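Let's take a tour of a protein model, stop by stop. Keep the viewer open and find each residue as it comes up.

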Amino acid sequence: MPGELEDCSVYIRDVREASQTYSKGNFGYPMSGGFLELDLVEAAFLVQANRLEVFHKKKRMGFAELFDYASGKVDNFDIKYIVFKDLRERGFIVKPESGSFDLCVYPRGMSPSNSAPLYMVCAVSERAALDIGEFLNEVSQSEDRGKQLLYGVVDEEGDLTYYKMAMMDPEGKVLPAEGTAKAVGKLVGDRIFVFDKDQGQALHDEAFYGKDMQGVLQLSLIEGCYLIGKGELEVLNRKGKGMSDKDLVSFGRKTQDEFDLRLRTYVDLRNRGLVVKTGFKYGTHFRVYEKSPDDCHARYLVHAVPVSTVAMWPEISRTVRLSGGVKKEILFARVSNEIEYLEFKWFKP
């Protein structure tokens, strides 16, 4: 069937051909008079599948010519086309989008005539940067529309990996009581040690703070700051002088990277009833339990990031693959006036 290229669209003006193209694949957008308007990505797909002939100024264009033309008209056309083609070949009806998203995808076996889109898709190169702020906006837009957000990431060989994105609201079942334990700890290096066995045991029993070392409780600086704030811990420096919560926070800022980010995230997670431990061996800030670590594995790995964070996709890929390999969910805690939790999950459409 023939189509005429005009700027960024291809028009099928034969009414019968237009009707068949739309009814047998939901390609294009019906126009008054029975014509059909195709987006360039749809037209290229049909040309490559030998289902469409495109003419421009009465000259027929092959797939290579149309692809080159479209690449000059549409930013990242090659990436968008690869993702569109992959989803179409997986059996989905896919429609090009404008604005923040590249594509919308309908449930398998459904179409625009009998269903709303299931996914909003952003097609990106593995070399692209991911701005967490812009990403949050895209998540909010897709969720406001009742859709799920997917990123289709195309590597340099043209292979695709999909990531599903969502806002999360993690909650746990370990809500520590206020001021139930009282302990004195000694700051040694960048750790705090509670040498009184009973005091250390009381802290640990309350909400699994610290790590027991044969009757000595070892706390991190983050835990120490949190417990001083709750009025459950007094910290002495090497000279035996008491330290305020401000003193300990100031010390933490001088001795540890990203201390404020980690502290704010730790406090928020603890206030949500979650048990928070270091995530160092997983390459993240925290591993997080919904209840007693003695009774379950950590559900989440949490990494705190500032509001202006820009990450590269290979970094995201490594983190998501690692979390999947250890059967945990990776959350990025975006720290601004509030703390918002973003989930990145490998996904197979």
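This is a predicted model: local features need pLDDT of at least 70, side-chain atom pairs count only at pLDDT 80 or more; totals for chains, interfaces and linings use all residues.

## Before we start

Residues are numbered from 1 along each chain as its sequence is written, and side-chain values use heavy atoms, with hydrogens and water left out.

## Charged partners

A salt bridge here is a side-chain nitrogen of Lys or Arg within 4 Å of a carboxyl oxygen of Asp or Glu. The whole structure has 20 of them. Take D260 and R253, whose side chains meet at 2.9 Å, N to O. R253 is exposed because its relative accessible area is 51%, while D260, at 35%, counts as partly exposed. Elsewhere, salt bridges with shared partners join E4, E6 and R13 into one network.

Helices and strands are DSSP runs (helices H or I, at least four residues; strands E, at least two), numbered from the N terminus. Now look at E156 and R127, whose closest N and O atoms are 2.7 Å apart. They link distant parts of the chain, 29 residues apart: E156 sits in the loop between β11 (148-154) and β12 (160-168), and R127 in the loop between β9 (119-125) and β10 (129-131). E156 is exposed at 62%, and R127 is exposed at 51%.

Is the pair K277 and E223 buried or exposed? Both residues are buried. Their closest N and O atoms are 3.9 Å apart. K277 belongs to strand β19 (residues 275-278) and E223 to helix α7, so this bridge ties together parts 54 residues apart in sequence.

## Rings that meet

Rings of Phe, Tyr and Trp (its six-membered ring) pair if their centres lie within 6.5 Å; planes under 30 degrees apart are stacked, over 60 edge-to-face, and the rest tilted. There are 13 aromatic pairs in the whole structure. One of them is F63 with F67, a tilted pair at 5.6 Å centre to centre with 45 degrees between the planes. Both are in helix α3 (residues 63-73), four residues apart, or about one turn of the helix.

F67 also pairs with F77: the centres are 5.3 Å apart and the planes at 75 degrees, so this pair is edge-to-face. F77 lies in helix α4 (residues 77-89). F77 is buried at 2%, whereas F67 is partly exposed at 22%. Together, F63, F67, F77 and Y81 form one aromatic cluster.

## The nonpolar inside

A nonpolar core is a set of buried Ala, Val, Leu, Ile, Met, Phe, Trp, Tyr and Cys residues joined through side-chain atoms within 4.5 Å. In soluble globular proteins, nonpolar side chains tend to be buried together. The largest core here has 44 residues, and those with the most contacts inside it are L203, L219, L233, L248 and V302. Helix α7 (residues 221-229) supplies the largest share, six residues. A second, separate core has 37 residues, including A18, V47, L87 and V94.

## Two loop residues

K57 lies in the loop between β5 (53-56) and β6 (59-61) and is exposed at 75%. E258 lies in the loop between α8 (245-255) and α9 (259-271) and is partly exposed at 43%.

Key:
Buried means under 20% relative accessible area, exposed over 50%, partly exposed in between (1.4 Å probe, protein chains only).
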